[in-house]
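Biologist: I would like to go through how the chains of this model meet. Please take my questions one at a time.

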Amino acid sequence: MTALPLIDVIGAWLGIFLTFCILSFLYKDNPFYKFAEHLFVGVSIGYVVTLQYQDTIEPTLISHLTDQWWKIFPLILVALMLVKAMSRRYAWLGRFPLAFAVALYAGLAINAVAQSELGAQINFAMHDLDARKVDLNTADAKTLGGVPGMSPAIAKKLIAEREGHAFSSVDDAVSRASLTPAEQADLAEKRGGLVGLDAKASVTPGEKDWFGIASNVLLLLGLLASLLYFYFSLAHKGVVGRVSRFGVWILMIGFGASFGYTVQGRIALAIGRALDIQGKTVAPEDAAAVHGPWAALISAVIIVGGIAFWELRARKKVTE
Amino acid sequence: MKKTAPLVLGIAVGLYACAEFYIPDWHVRWLTQELQTWGTILAAFAYILGGVNLIQVNYPKIRRRERDWQYKIVMVVAAGMMLAAGLKWHKLYQSGEAGTVAIADDHGGAAAAGKATIVIDAPADVMVKVGALPAQPARDAAGKPATFVVDAGKVPVRVYNRIAGYRDYDATLEVAPAKIATVSVDPAMLWGTKGRVYNWLYDHVFAPCNATMFALLAFFVVSAAFRAFRMRNVEATLLLGAAIIVMLAAAPIGAWISDDLVDLGQWILDIPNNAGRRAIMMGAAIGAIATSLRIVLGLERSHLGAD
Amino acid sequence: MAKAHWTERLQRFDRRWLFLVMGLAIIVPLIFPLGLPIKPGPMTKAAYNAVEELQPGDVALISLDLDPASTPELEPFYRAVVLQLKRKHVKIVVTTTWYQAPPLVERWIREAIEQPLAPTYPGYDGAPDGAYKKNVDYVYLGFREGREATILRMGADLRQTFDGRADDGTPFDKIPMMTGIKQLKDFKLLVDVSAGYPGAKEYVQYVQSRYGLHMIVSTTAVSLTDLTPYYQTGQLDGLVGGLAAAAQYEKLVGVTGTATAGADVLNAGHGVVILAIVLGNLVFFAGRRARKRGAA
C-alpha cells in the first residue's frame, strides 16, 4: 500500500481537532465550539448545493432540456421557487411548486401506507393464534434453520440424518454423530422449555408450543388494547378505561425497549469517534502515520488552554 | 386565484398520484415516473435555495456587525470554499486522456515463450493492478517501476490513486508474445464532487463534525437518565424496567449474566414492543391517509401559507 | 440559611461530572477490553441466512442510506456483508438515497469492494474474497435526490431513474451484469443499510409490499424497534439493529471488526446509564421521604 500523503495526515489531525472543539461544548458553549459549528454548517451548505446540482439537477433536468421538451415544466416550477426566494411581491408564485410537491408525495403515500402499514399489519394480526412446535422429522431446511440454536448447515445435516433413522427425541437429534462438537454446543446452549429449542421443536407432529400460544394471545390483546387507548370517541371509563390502561402498559414496555436501544445507539456514536481517534477504523499503516492519540492529546491541551484563557478574560471584563 | 390555482394543480397531481397505483398502463407508468422526477428536481433545488438563503440571512448580519458576526464569516467562507471545490475546474485544462501505451519488442528480455511484459511508468504514490495479480505500488522501495510478466492476450490494467479525487487509468491492453508494453500514467487530480479537494473537505471537516455532533448525545443521555427518568408511577416503572432489561440483553454482558435475560429481551421486542408499535403504526397510517386525502382533495391549505 | 438536604444537593450537582464518567466508560474498555463472547440473535441469524441462500452470479442491491454519524453502527455490517457476498461470488449493485452519503459510499466501495476484504480482518480464516472490478462484478448507480419518490422510481424502472447509466457514465446496456435488471424486483436480495429517513421504512412502504421484494435491513439501534413489526410480518427477511447486532453479524461471518471492539464498550456504557437511572431514582425517593418527614 502507498503511504498516506502528508495533506491527508494533516487532514486527519484537523478532523481530530474539530472533534475536540465540538466535544468542548460539554463544558460550555465556547469560541472553539462556535468556530467548529460554523465551519461545519458552511461546509455542509457548500457540499449539499454542489452535490444536488451535479447529481440531480444536471442529469435529470439540464442535460435533457434539448431532447425532452416537457422538461420545460419542472424548469418553470424551479424558476417559481426562485421567484419566491427573491421577491416578496411575487412570492405567491412559489405556491405552485409547493402545491405540486406536497400533493404528489401525499398521493403516493396513500397507497403505500395503506398496503404496508395497514394491510400487511392487519393481515398478520389476524393470523392463527395457534403455535406448533417444529417437527424435526418432517420440517424443511428453511423452517429448521429458524429453530433456536440451528443454522442452515446444522439443518442440512439433520435432514440427512433423519433420512437414515428418524429422531426419537430432541436429545437424539442434537447428539447425532454428523454434528461437530461446536454445533452440538450451539444447540445445547439453546435448550430451554420456554423459548428455547425444547419449546420450539419436537419429534411428534402437531405438538403445541404453549408459551408461543400465550405470547400470540398477548400480542393480539396488546394490539387491541393499545388501539383502544387511541380511540377517543369513547370515554375511557369502566371496562374501556381498564382495557385502555392495559394498552398504555403495553405501549410503555415498547417505549422502554425503544429507550434501551436509543441509549445503545447514542453510545455507539461516541464509540465511533473514540475508535476513529484511536485509529481502529483505518488501515494500520495509516493509523501509524496519523498518531491519533497524540493528536488528540495535543488538541485537548490547546482547547483546554484556550478555554481557560477565554474564561479568565471574561472574568476580568466582569470585574472591570 | 393566488391560492386557488396552486390548489387546483395540487388536486390534479395528488389525485393522479393516488390513482396511478391501480392503472397498469405503460403510459400511466411513464407519466408517474416523469412526475416523480419533477418531484426530485424540486427537492434538490430546495437545497440549492437553502444555500441562497444562507447568504440572504447572514450577509446583513455580517454587514451590521451583529453578535457572532466573525463566525458568520467563517461559515460563508467555508461554504464558498466547498462550492469552489465542487466546480469541475479540471475540464478547463485537462485533455481527458488518462495515460499512454507504448509497445516495443522484448529484445533479450526475460519473458518466456507466450509471455509478455507490462511496465507501469507512474509516480510512487499510485497503485497498480494488472490482471488477477494483487494490487501493488507503482514503484518499489528503490524507485523502480512495477513490472509484470503476463500471458499474452487481453490484460486488464488499472492504475489508480487509493485516495479519492484522481482520474483512474482503467484499460484492457492487447499484448502480443515477447512484447513489452509500457503504460505511462500520472493520475490527474480532479475537481468537482468526485474531486480531491471536495473529498478532502468532506472526509476531514464534514464527516468528523457530523459524527461528533451526534456523539454529544451519548453524554446527554446519561445526564437525562440521572436527573429526569423517575419511576413515579406504574407506567414509568414499566418503561424503565423494560429499558434496563433491554439494555442488559442487547450488550454482550447480558449473555454473560444469563441466556434467559437475552431471551427475555428478545421476547420484549417480539411481543409487547411489536403489539404497541403495530397499534401506533396503524393509527399513524390512518392519520397519514386522512391527512394525505385532505391534501389531495384540496381541503388542507395550510402548506400554501396565508394570503 | 439551612443547608440543603444531601438528596437535593445530589440532584442539583454539576452534570459535567456525569459527562466525565461517561467519557471514561467509553475510553477505558477500548484500552482494556473485556472480551465477553458475542452470541448472535434470531433476527441477525435470519439476515445472515438470507445472504447465505444466494448463489454465485446472483445480483444483490446494497442501498447505503446513511451519513458519517451512523458509520460506527452500520459500517461493520456493511464490510461483513460485502465479504460474505464476495466470497459467494455474488454481483453487487450499490446506490444511496442520502445526500450526505456519496463521498463516503465511494470510499467504502474503493476499500471494501475493489480490494480484497479478508486480509483486513486479523485472524480471519474463512473463505477468501477477491478484488471486484467496476462494471464487471459491481456497479455503482450513484445518488438521486427524491427520497421515497426515488425509491418508487427504482421500484418501477431502475434504468430510467439513473438515466440508463452507472455513476461513471457507462450505459447499462454495456454492463453485462445489468442484463435483465430493470426493476428492484429483479435483484435476488435487497440489502438496506439504513440510518433513518429515507431508508428501511420507505423501502418497505413503497416497494417491498408492492413488488414482494426480498429484503434484509441493517439499521441503527434507534430505529430498530420501529422495524421489528416488519420483520415479524415477514416483510423483512432479516434485521440487524445497532452496534451489538453488527458485532453478532461479524461473528456469524467469522470476522473480528470494529463492531466487536465497540460491543465491549457497550457493556460499560449501558452500565453507567443503568446506574444513573437507579441512583437518580434512589436519590429522588430518599429526598421525597425526607421532605414528607420534614413536613410532618
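Biologist: In this predicted model, which residues of H2(C) do residues of H5(B) meet?

Modeller: Contact here means heavy atoms within 4.5 Å. On the H5(B) side the residues are B:Ala218, B:Phe219, B:Phe220, B:Val222, B:Ser223 and B:Phe226. By class, this contact has eight nonpolar, two polar and no charged residues. The partners in H2(C) are C:Leu18, C:Phe19, C:Met22 and C:Gly23.

Biologist: At what angle do H5 of chain B and H2 of chain C pack, and what is that arrangement called?

Modeller: Two packed helices are described by the angle between their axes and the distance between the axes. For helix H5 (residues 196–227) of chain B and helix H2 (residues 16–31) of chain C, the axes are 9 Å apart and the angle is about 125°. That angle makes H5(B) oblique to H2(C).

Biologist: How much area do chain A and chain B bury between them?

Modeller: The size of an interface is often given as the accessible area lost when the parts come together. The contact takes 116 residues from chain A and 116 residues from chain B. Of the area buried between these two chains, 78% is on carbon and sulfur atoms, and the total is about 10,900 Å².

Biologist: Why does the salt bridge of A:Lys71 with B:Glu34 join two chains?

Modeller: The closest N and O atoms of A:Lys71 and B:Glu34 are 2.7 Å apart. A:Lys71 lies in the loop between helix H2 (31–60) and helix H3 (72–86) of chain A, while B:Glu34 lies in helix H2 (residues 26–63) of chain B, so the pair joins two chains.

Biologist: What area is buried between chain A and chain C?

Modeller: This contact takes 49 residues from chain A and 55 residues from chain C. Carbon and sulfur atoms give 63% of the buried area, which is about 4,300 Å² in total.

Biologist: Which residues form the one salt bridge between chain A and chain C?

Modeller: The count between chain A and chain C is one salt bridge. With the closest N and O atoms 3.7 Å apart, the partners are A:Glu117 and C:Lys201.

Biologist: Where does C:Pro198 lie, and what is the form of the peptide bond from C:Tyr197 to C:Pro198?

Modeller: C:Pro198 is in the loop between strand S4 (189–194) and helix H8 (200–211) of chain C. Omega for the bond from C:Tyr197 is near -10°, and the peptide bond is cis.

Methods:
Residues numbered from 1 in each chain as written. Chains lettered and ligands numbered in written order. Predicted model: local features only at pLDDT ≥ 70, side-chain atom pairs only at ≥ 80, totals over all residues. Heavy atoms only, no water. Axes fitted to C-alpha atoms, helices over the stretch in contact; angles between N-to-C directions. Helix = DSSP H or I, 4+ residues; strand = E, 2+ residues; numbered from the N terminus. Parallel < 35°, antiparallel > 145°, perpendicular 65-115°, else oblique. Nonpolar A, V, L, I, M, F, W, Y, C, P; charged D, E, K, R; others polar. Buried area = accessible area lost by both parts, 1.4 Å probe. Salt bridge = Lys/Arg side-chain N within 4 Å of Asp/Glu carboxyl O.
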